[in-house]
Amino acid sequence: MIENVSSANLISLLIEYEQITREEIRTSTEPSEMIKLKVLGSKSKLSELTRALSKLPKEDRSRVGLVVNQVKTSIESELSKKNTEPVQSRNTFDPTMPGIRPPVGHLHIVSQAIMEITRIFERIGFIRVRHPEVDWDWYAFESLNMPLHHPARDEWETFFIKSQVPNSKSQKNTKHAKFDKMVLTPHTSNGQVREMEKRKLPIRMINIAKCYRRQIDVSHTPMFHQFEGLYVDKNVSIAHLKGVMDFFFTHFYGPGRISRIRPFHFQFTEPSFEIDVSCGACAGGGCRLCKDGWLELGGAGMVHPNVLKAGGIDPEIYSGFAFGWGIERTYMMKSGTSLDDVRLLYSNDVRFLEQF
Amino acid sequence: MNILIPDMWLREFLKTDAKPSDIARCLSLCGPSIERVHGKGNTTVYDIEITGNRPDAMSVSGIARESVAILPRFGFKAQFINDPYILKPIFPNIPDTLPLFLKTDPTLNPRWTSVVFDGVKVGPSDKKIQKYLELSGLRTISNVVDITNYLMHAYGQPAHVFDYDKISGHTMTLRASKKGEILTTLDGKKHTLPGGDIVIEDKTGTLIDLCGIMGGENSSVTNNSKRVILFLQTYNPVSIRRTSMALAQRTEAATLFEKGLDTELVLPVFSIGMRMMGSAAGGRVAGPVTDIYPERKKTRTVVVSKNKILAYIGPIKDTDITTPLESLGFTVRMREERVEVRVPSWRDDVAIDVDIIEEIARIYGYHTIQSALPASAPPNTPIDPMLMWEENIKIRLRDWGYTELLTYSMIAQNEGSAYKILNPLSSDWVYMRTSLKQSVLPVVHENLKNTKDLKVFELSHVYVHKHNDLPKETLHLIVVWSGNRFLEAKGLAEALFDLFGIKYNLPDFGTLEVSSDITVLYLDFAKMVELAQPRKAYTPIPKYPPAIEDLSFEVTGDFRIGPLMDTVKTLHPLIYRVTFLDAYQNFRTIRIEYLDTTKNLSDDVIRKVRQKILDAVREKFSVTLKNV
């Protein structure tokens, strides 16, 4: 306890305290809260000196009080300097704690694949379009050189839509003379003649849409997605089709996976091809997932003259190629996602969706 | 369709130095795709996919012919042997001891061949035929029936045998069926015919054959049969297909006949069948051979321009055009600017110039054509704003922490005028949805069993009814949260409206519903895209800083902050921005930014505006400033 102290004495004690304390703060390794308690707290020397203020004559108190405040501010500023320095105290800072992350959402794999495929084709001038999912039989089959009852239609397990057109033939809407049967498009090829009908040549299109087929098992879902490429111009060759394929494969699958093109048959292309990609799982040696090292990706071909005619294009002047592949299948071949059941994609279980 | 062909059997038609693995590799690149090779040595079997346009290749001899055209391209020797088309059968005139009375209709049945055998001994086939058939995945039944399967598999021409004694009046009349007629096929299935099907009746009018699909049970050859009719035909493919589909009776014969078979092949195969009936079943020919073929098949010539060939394939030599075609049986005449090609009778699939180009190109080898990107200028196609916005918003929602769902477009229940699927796969998928809620909400509830915290969305089509027309496929957006997240949902909606540059107006574009366990935001996305005004106008950055102050009001009861803020915003030109800060007990704090773009604001001016605010809110909302 400080007794009978003069104002001058008290001021010098205060200034001395300030110097000692500031030095102490600078060199201390104690946590800043502890130092603060020690130098400014109620049991501190400063607190004692402040109490001594009341023993001074009244006329001196405000003058010395100013000094008390200055000392206090000075010590606080030293403390705050200390606080801004990196502190290695476990009580206040743990760098191993998980960081605060931005929100994380997830796009469906199919959307991710669609975006990636769109970007790749965009770079060679193939622009994404979208044609109907519920369409006239004309666009899905007839205009593609597949008349009613053609056996080639068996390749597609097609869903039919109940006609909205009145039953009576006499009432049939003339505008829809060839448009009286509706289907859920089993492929994106319905976009071919629809794109030609835009009357803009040349054509470089990527039509991406939902498709529907009447089947469900580990490798089929009744709804799925396809992307359809169509190129119509003068002097289109098989070499161009191969060029576009190779461009896509290089960018989508990366180097090391090779493709091959085999003869096939589709009513709406001539010649027709089947495109295979070397198996990513066995690197071409042949395994359970593939056929002798090859995975069937999908179909392609040079547009059949009858299809060009159906789209109002003269096949003597123009030619073209087309290809149409499943998004799900194409993507699963890429990633080796080890997804063994395609139906999982449409389970919509967020515990699955959040993995991608 | 896939067929199995044993290597040993193939080599009865093909002389080659190529190993099975070579044959598989080369044919896959240039012809039918050999998907797998099973077994080894004598039991090697090729599993081959043959496309529907090539019924001529759906047989052992057909594959041999393809091999002969393809293998030399890869440096192998290959020679076609036992080509049935080389046979020019002559049948001895044998007295008609077992007469058969026939009548047919050439529009349904372009060619009819038949002959009756006596003294047939039904028993097992010899080991070789049994082995061939078994390796080919066909059942062995008896020597007589096995001959028919052997012929079909070796040459692609189905054959049938009848028991002569079971045919009443020994009369066979081929005709179109009448609707409702009944026939039991030899697999024991009873069919009620749709009408217009090709059938054969006996003298009593009883149907004994469902032509081209399966024989009748009542006329079939059994172990006791002695007198047997060998019977090879071709039929109208459309009619066969219609019947086979309508009755769901899909036999190998039907899948061949419906593709259109070569009438010129019937007689050579018939003659081979006759020989086998004698050697394998002891049959003695008991009458003359009947061959009803009123209209011979015409040969077809297709002309291709050389320029077109070069445009499709690239620069190739003349011999690259002639050799492949000739080895496939085409006759080629090279002219100055064009190639004239006579198509063999078995290649009905080749009708126009590009068909010829395909034959040249595939044998030349697609793998040998150098790939090249198109050199012409890309078309000038604008981006579809719907697709652009769809992708944009999906990415934003992902980055804001939402997970995308992708549900089926088909739903179980019709709610209104939904389009109906005539042949649904399951009762869960019968209608095309008119709202995303129909498919998304069940999925959400399923997920809530596993997680408490859910933030999901789907941006997909719904199918809106249009009179006498296709549906309008239009994009809707649904966002679902677990629990009551009203303000989050409203905030998301506000943010979306902002992005589209549309003044916030939920009722015009959608709904926001909070139920006991979920919050659902539903928006007509397509409408927002149509009305989007995303262009952002530049306003100069203020030279003078705004003055900012927070005002806390004491409110009562069911006070609403929205109208108050709207009022304050428009109260005075110096009020630049009003934002909501905080709600605590019965206090609401808003932040006012005052701004004069021309000068610094004085305390005096601000005081006056503030007073105006306080007066207005007291008067209109009975709200006073919190006592400090």
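**Exercise 1. Burial and overall form of chain A**

Task: What percentage of the 356 residues of chain A count as buried? Then compare the radius of gyration of chain A with that of a compact globule.

Solution. 
- Step 1. Start with burial. In this predicted model, 40% of the 356 residues of chain A count as buried.
- Step 2. Take the radius of gyration. Chain A has 39 Å, but a compact globule of 356 residues would have a value near 21 Å.
- Step 3. Look at the box. Along the principal axes, the C-alpha atoms of chain A fill roughly 120 × 60 × 40 Å.
- Step 4. Count the elements. Chain A has 11 helices and 10 strands.

**Exercise 2. A sheet in chain A**

Task: In what order do the seven strands of the open sheet in chain A stand? Find the edge strands and the helix that lies across β7(A).

Solution. 
- Step 1. Read the order. The sheet runs β1-β5-β6-β10-β9-β8-β7 in chain A, and its pairing is mixed.
- Step 2. Find the edges. β1 (127-129) and β7 (259-266) of chain A each pair on one side only.
- Step 3. Note the twist. From one strand to the next, the twist averages 25 degrees.
- Step 4. Follow β7(A) to its partner. Seven bridges join β7(A) to β8 (residues 269-278) of chain A, and the two run antiparallel. Within this pair, Ile261(A) stands opposite Ile275(A).
- Step 5. Helix α8 (residues 238-253) of chain A lies across β6, β7, β8, β9 and β10 of chain A. The angle of α8 to β7(A) is about 130 degrees.

**Exercise 3. A sheet and two helices in chain B**

Task: Which strands stand at the edges of the open sheet of three strands in chain B? Then work out how α2(B) and α3(B) are oriented to each other.

Solution. 
- Step 1. Read the order. The strands stand as β1-β4-β3 in chain B, with antiparallel pairing.
- Step 2. Find the edges. β1 (2-6) and β3 (33-38) of chain B each have a single partner strand, so one side of each is left without a neighbour in the sheet.
- Step 3. Inspect one pair. Five bridges join β3(B) to β4 (residues 45-49) of chain B. Val37(B) stands opposite Tyr46(B) in β4(B).
- Step 4. α2(B) touches β3 and β4 of chain B, and its direction makes about 160 degrees with that of β3(B).
- Step 5. α2 (residues 20-30) and α3 (residues 60-70) of chain B pack at about 85 degrees, with their axes 10 Å apart. Angles of 65 to 115 degrees count as roughly perpendicular. Therefore α2(B) and α3(B) are roughly perpendicular to each other.
- Step 6. List the contact residues. Ile23(B), Cys26(B), Leu27(B) and Cys30(B) in α2(B) meet Glu66(B), Ser67(B) and Ile70(B) in α3(B). By class, that contact has five nonpolar, one polar and one charged residues.

**Exercise 4. Buried or exposed?**

Task: Classify Gly62(B), Gln585(B) and Ser622(B) as buried or exposed.

Solution. 
- Step 1. Recall the cut-offs. Within 10 Å, 20 or more other C-beta atoms make a residue buried, and 12 or fewer make it exposed.
- Step 2. Take Gly62(B), found in helix α3 of chain B. It has 23 C-beta neighbours inside 10 Å, so Gly62(B) counts as buried. Beyond its neighbours within four places in sequence, Gly62(B) is in contact with Asp56(B), Ala57(B) and Gly156(B).
- Step 3. Take Gln585(B), in the loop between β29 and β30 of chain B. It has 7 such neighbours, so Gln585(B) counts as exposed. Its phi is positive, about 45 degrees, although it is not a glycine.
- Step 4. Take Ser622(B), in the loop between α18 and β31 of chain B. It has 11 such neighbours, so Ser622(B) counts as exposed. Its phi is also positive, near 50 degrees.

**Exercise 5. Where the chains meet**

Task: How many residues of chain B are in contact with chain A?

Solution. 
- Step 1. Count each side. 77 residues of chain B are in contact with 74 residues of chain A.
- Step 2. Sort the chain B side. It divides into 37 nonpolar, 22 polar and 18 charged residues.

Key
Residues numbered from 1 in each chain as written. Chains lettered and ligands numbered in written order. Predicted model: local features only at pLDDT ≥ 70, side-chain atom pairs only at ≥ 80, totals over all residues. Axes fitted to C-alpha atoms, helices over the stretch in contact; angles between N-to-C directions. Helix = DSSP H or I, 4+ residues; strand = E, 2+ residues; numbered from the N terminus. Parallel < 35°, antiparallel > 145°, perpendicular 65-115°, else oblique. Contact = placed C-beta atoms within 7 Å. Nonpolar A, V, L, I, M, F, W, Y, C, P; charged D, E, K, R; others polar. Pairing = 2+ DSSP bridges. Rg over C-alpha atoms; globule rule 2.2 N^0.38 Å.
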